[in-house]
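Please read the briefing below alongside the sequence and the coordinates.

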Amino acid sequence: MKTLKLITVDDSQVIADHVSFLLTKLPWIEWLGHAYNLDEARLLLKEKQPSAIILDIQMKEESGLDFLAEIKDTIKDVDVIMLSNHESEPYRDRSRELGAKFFLDKSTEFESIPSTLRIIYNQQKMRK
Amino acid sequence: MINLPKLSIWFVRRPITTALLVLMALLAMTYYITQEYYQLQLRNASREAENIMLSAEKSIQQTIDVSHLVALEASIAINDKGELEDFDSVAKSLIERYPIVNTIQMVPNGVITHCYPMEGNESVIGYDILADSSVSREANRAIERKEMYFAGPLELRQGGMAVVGRIPVYRKGEFWGFSAVIIMLNDLLTNASALANDYNKYRLDFSKVNPNTNEEEFFLGAERFENETVFQSTFLLAGEWTIYLYTDNTKNALAMSIPVAITGIFCSFLFAIVFGLILFKSKQQYREVVHLAEKKIYTFLNRISDGFISLDANWNYIYANKNAGETSGKKSKDLVGNNIWKLFPQLVDQPIYKAYHEAMKAQEFKYFEDYYEPYDIHFEHFIYPSKDGLSVFFRDVTEKKRQEREIYLAEQRLSNHLNQSPLAVIEWDENFTVLKWSPKAQEIFGWTEKEALGKSVEEMELIHQEDKDVVGEVMDELSSRHMGNQSLNRNRTKDGEVIYCQWYNSVVKNDEGDVILIMSLVQNVTESYKDKERLLESTRLLESTQSMADIGSWKLDLTENKLFWSKEMYKIYDVDKDFQPTPQNVAQFHGDTYQDELRKIFESQSENNHTNESKLFTSTGKVKWVRAHIEKLPHTDKIIYLGSLQDITELRLAEEKKSKEQQRKLQQQKVLFELSKLDDQLSFNEKIKHALKQASSVIDCERLSFWILNDDSETLKAEHLYLKSKDEFTQPPPLHRADFPEYFKSIISLKNEGLILANDAHTHEATKEFSEPYLKPNDITSMLDVPIHRAGKCIGVLCHEHVETPRTWTAEEITFAKSIADLVFLMIESEYRKQAEESIRLSEARYRAFIKASKTGAWEYYIDRSEFWCSDEYFEMLGYNKEDIEVTDDVLRPWKTLLHPNDLKGASDKFRAFVENPTDTYENTFRMQHADGHYRWIWSRGYYLKDEFINKDDEKGRVVGSHIDITERKQFEEELKTINIRLRKLSAHLQTVREEERTHIAREIHDELGNQLTGLKLDLSRFKSEIEELESNEDLVQKADEMIEKVVSTITAVRKISSDLRPSILDDLGLKATIEWQAQQFEQRSGIKCDLQIKDLSTKLSKDVNTTVFRIFQESLTNVMRHAKASQVSVKMYESHDMLIMKVTDNGIGISDKRKYNTSSLGLLGMTERAAVLNGTFNIENDDGNGTTATLSIPLNSKDVEEIRK
């Protein structure tokens, strides 16, 4: 395994742009696409079969937490990083409960995305 | 038995005073009711005003929230460089979404540069608000506060009154300018006052202290009410406005209470008058009680064996006892009310008619004896006249008369008919036919008794032919002139032998002087001529016969002044044989009357014989009654009188005694009668005293007393003791059973007819224990105690105590004593009855009056008898007359007929259930049809009663109840309920709208703004890293760092605003997580420890429940922080029986009652209202100063909740 297969899910164009900017700089990441809503995300998940997802919580009327539960019910070996503006403890706790690997605050921990992905990449490499 | 207190009688006797007292009491009651009604109205008005105020506040708050959001969103159009991008499209979309916002302005550095919509607002572009002192102050306030502040209301340059909300916008840490929204004042206030305008008695005003003049200015200036109450609420943060709510007092509680007061006063007067009239009537009805007492007395009089009648002044019977009726041959009740002379016309012109009229005319007691031929009866009458009529005792004395006559005749026969005599005795009738023929007569005349009886003198040819003339004269004297005489003549025997006979003839008459028979004593003196010895013998025999009959005979020869006495005479005069009687010395024995009569006889020389009765005084001083017979001896030249004297003392004494007894008996009856007719106005004590005094005089007893035995039969208390010699009443100390056990035992065990007859009280079994302590000190010798019984129980004793000499009580006295005891019993009974009657009458009157005055329908239902009674008002209140209602076999039908069809089953089932198993009270509410066709709400209340007097043990008793028309109250309640539901719906709607807005805004700013800011921050970071690579750009790097920091802090602020508006956790993570998070935040913020216990909470709570519970939880914590001074809060949350329960308990100072009941405290009211929308309850309790517990309970999955929300 040379790359980390990744999809990103966020309804915000601004965030999507920045994520894109960040990820394209990382050669070991194989960014498979970005979804602006959960339907797109489901499609991506099915078609691209990523091993990692960066997932927003609040997307218009949809909740990333619901999607997290959905993923964890169907696919086991996907690592999920929650990236959200809802930084408070209950969200972190719930995400952890539902099986998210990491939880990043959009505004303060955005820069930690590469290092976090790296950890996941390394872990997945170890597992293989 | 009910003892009517004296006080009640006092009231009955003073109707006017009582009516006035009742009036005062009722006026006081009216005052109280009006006061209560007024307070109720006041509370309702206050609650209504508060609801309106709340709605206004909520509306304004909503507008403020929207303004805040719009201004905030508009400021997004400002880019990093402080320039506006795309302002028009942003503003346009905002105004479309929030039409309440009239205009959006951008005011960089205080100069209005952008405006949307621009139309009509061109004039304001370029206007510097910070330069204008009239505006700058309020604009600066927004800067000071760093949050939205509303200026105005002010006159817009572009026209119209409006408020301007400004938020200061900062870019790169510096003040950039304002983002402002303009809201037309009309829009703001129309929404706020929508509810107030629904009523026409409120107006809303809006004021603000002019920052320049410091004067309060009003903006609506609605017309003031003449008299008004003000509620106010101040919005300090948003714009320092004050909302005023004015209530029109002319439509207020006081005005609505006045009709109640007037009605109350009117009713009070009406009732008092009616009550007074009823009492006045009662007073007159006193006479009925008197009648009752009389009836009892008459019952007693029926027991008197003699006839008794009472007649009024018009000769109508008022009363006749049983005997009187029997005597007249009719029933006594048929007599009453009829005129005696019409009923018995045969009495008119009889002596009785005259006697009654005379007694009436003279008004004096009259005694009268009468023989009533049609019935062959003798009557004696005791006539007591009074102004109102006559009372007559009468009795049949026929038997007595007959006996008297027979006795008299027997006596005469005894004295004259000398069967033992040697003389022949012959009795003749007036025609000289033989009635009796003695054996001696047979001896003399030869005719046997059998032959002689019925034969006349002529038939037997007894008279010698030659003596016929002389004898004829003698016979004529006897038969025509009724004179006794003597003759000596020749007679013939049966065999025709001629003999000489001495005849003593006398005439026997009855009381009326009619001749009954002629008696002859015959002596054959034929032999005496030859044999004087035999004559003498005969004379001696005559004397001895006379002696045997106590008859003395004498012969007075006035010519020679000689007096001869038979032997018997000496005995009568108690003189010895040596006494020489002369006409003169005999006079000493007789009274003057006798002497005078003798003299008259002698002077008149009458040949008639005379009989009289008189007293004589014997030589030994004895008084004797004698009957004297005198007659002149005919056929002689001398004046010779023959006489006989009979000692009739014993006979006379017996008669006198009988007469005295008769008199005493009469007196007794008179006393009994008088006592029985005592004036009813007399008090019980006066009556008793009267009875004792009268009885004492009749029975001749020194000490007469009446004692009452108390209920436990332990003590005898003397009511009165009459001392005859002193004519005074005293009261000896009470006697106790412990001291005189035998006496008590005796009177208690005595049955109805028993009494204690102690001729010698010292030895009598029952009374000997009184001997030392009581009898001797009072010198009492004999006692006669009559117990008085009531319902088989001894209640008192009538005591006769005779002093000094021992006395034997006669049967007659005992009977009299019993009669007096009966009379006393009647007095007691009458007293009891009087009190009971009075009490019943009074309570009945009071009951009627209350029903009438209170305008409620009264009813009574007798369960066992299925009887139903109702007052007139029962139907009158429904517009019917009681007479109009048809009475049928089903007693409850009138009620059921008028019941509303929908209430028929429920109401009648409820009544039946109560009747089948009656308990204390019955209550029912139903509709009944009024005569006008409308249905009225009736509140029926009843009490279950069981009176031992009316209902027997096995009976169920009755239900007594009332009907009250509560239609108006019911309508009022319904209206209030409708208003409350409307208010609640509105409130719920406002809450929901507000909550949805908040959710929406919170999401928008959190997500949109958050993402934008994040992007900004990332851009800055990229920018920073780019410039870092260049040299000598340290200033720029530092600047970039600062900017990043500011963006981060902005993000934090935005997140806080969003979370404050509505935490997204609630929608995303549910109630439990939110509560936990909120509690944690609270701990951090306030330093108060928060202990959470959340159990078994369903995850599928609806959004409404979530919101409500969370908001109330939030508010509760805020209250704890602000007021409780607590160090710890404990929160319990659980589900129980489909209810969600939350308890927030602190350990603080406890809520003050003032705060708890302060209805203007919107916090608590808001929480209660929020809970009520979901059909839940919220209440807050003070834990005895050890803190406060707020409890919320909300039903889950309830259909009602859904309904209310619709």
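Strands are DSSP runs of E with at least two residues, and helices are DSSP runs of H or I with at least four residues, numbered from the N terminus; two strands pair if DSSP finds at least two bridges between them. This is a predicted model, in which local features need pLDDT of at least 70 and side-chain atom pairs count only at pLDDT 80 or more, while totals for chains, interfaces and linings use all residues. Residues are numbered from 1 along each chain as its sequence is written, and chains are lettered from A and ligands numbered from 1 in the order in which they are written.

**Hairpin and its parallel neighbour**
- β38(B) and β39(B) form a hairpin with two residues between them, and B:His1137 in the turn has a positive phi of about 50°.
- Eight bridges hold β38(B) and strand β39 (residues 1139–1146) of chain B in antiparallel pairing, with B:Tyr1134 facing its bridge partner B:Ile1141 in β39(B).
- Strand β37 (residues 1089–1094) of chain B runs parallel to strand β38 (residues 1128–1136) of chain B and is joined to it by six bridges, and B:Leu1092 has B:Val1131 in β38(B) as its bridge partner.

**A single residue**
- B:Asn1179 lies in strand β40 (residues 1177–1182) of chain B, and its C-alpha atom is 9.5 Å from that of B:Lys1156, 23 residues apart along the chain.
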